[in-house]
Amino acid sequence: MNELLSLDIPFLRAARAEVLGNALDADFLSTASDDELTRLRDAFRRPDDDGRLPSFGHVIARYAEQYLPSPDL
């Protein structure tokens, strides 16, 4: 799928890495509470007043989610 949609080109990889580095740097991740990670995840999944999601917000939300405990099923 990545090849078909050209999602793995250097420009997009660099853009994703920059966004992740700005939002979820090592210092933040080492001290972030579950509540902070949940609020960050939810904020990047919420559209703005014009109905637009933040650029690469889904990447940040998914990455933050990986640091949260798994919900009980």
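Colleague: At what angle do the axes of H4 and H5 cross?

Modeller: Roughly 155°, and the axes come within 8 Å. H4 is residues 34–44 and H5 is residues 57–65. Helices are DSSP runs (H or I, at least four residues), numbered from the N terminus. Axes are lines fitted to C-alpha atoms over the stretch in contact, with angles from 0 to 180 degrees between N-to-C directions.

Colleague: Is this predicted or experimental, and what are the ground rules?

Modeller: This is a predicted model: local features need pLDDT of at least 70, side-chain atom pairs count only at pLDDT 80 or more, and totals for chains, interfaces and linings use all residues. Residues are numbered from 1 along each chain as its sequence is written, and side-chain values use heavy atoms, without hydrogens and water.

Colleague: How are H4 and H5 oriented to each other?

Modeller: Roughly antiparallel, therefore (over 145 degrees counts as that).

Colleague: Which residues meet there?

Modeller: From H4, Leu37, Leu40, Arg41 and Phe44. From H5, Gly57, His58, Ile60, Ala61, Ala64 and Glu65. Contact means heavy atoms within 4.5 Å.

Colleague: New topic. Is arginine 41 buried or exposed?

Modeller: Buried, at 17% relative accessible area. The cut-off for buried is under 20% (1.4 Å probe, protein chains only).

Colleague: What does arginine 41 touch?

Modeller: Ala61, Ala64, Glu65 and Leu68, leaving aside neighbours within four places in sequence.

Colleague: Which residues of H4 are buried?

Modeller: Leu37, Leu40 and Arg41. They span an arc of only 100° around the axis, so they sit on the same side of H4.

Colleague: And what covers them?

Modeller: The cover includes H2 (10–23), H3 (26–31) and H5.

Definitions and conventions: Helix = DSSP H or I, 4+ residues; strand = E, 2+ residues; numbered from the N terminus. Parallel < 35°, antiparallel > 145°, perpendicular 65-115°, else oblique. Buried < 20%, exposed > 50% of the residue type's maximum accessible area, 1.4 Å probe, protein only. Arc of directions from axis to C-beta.
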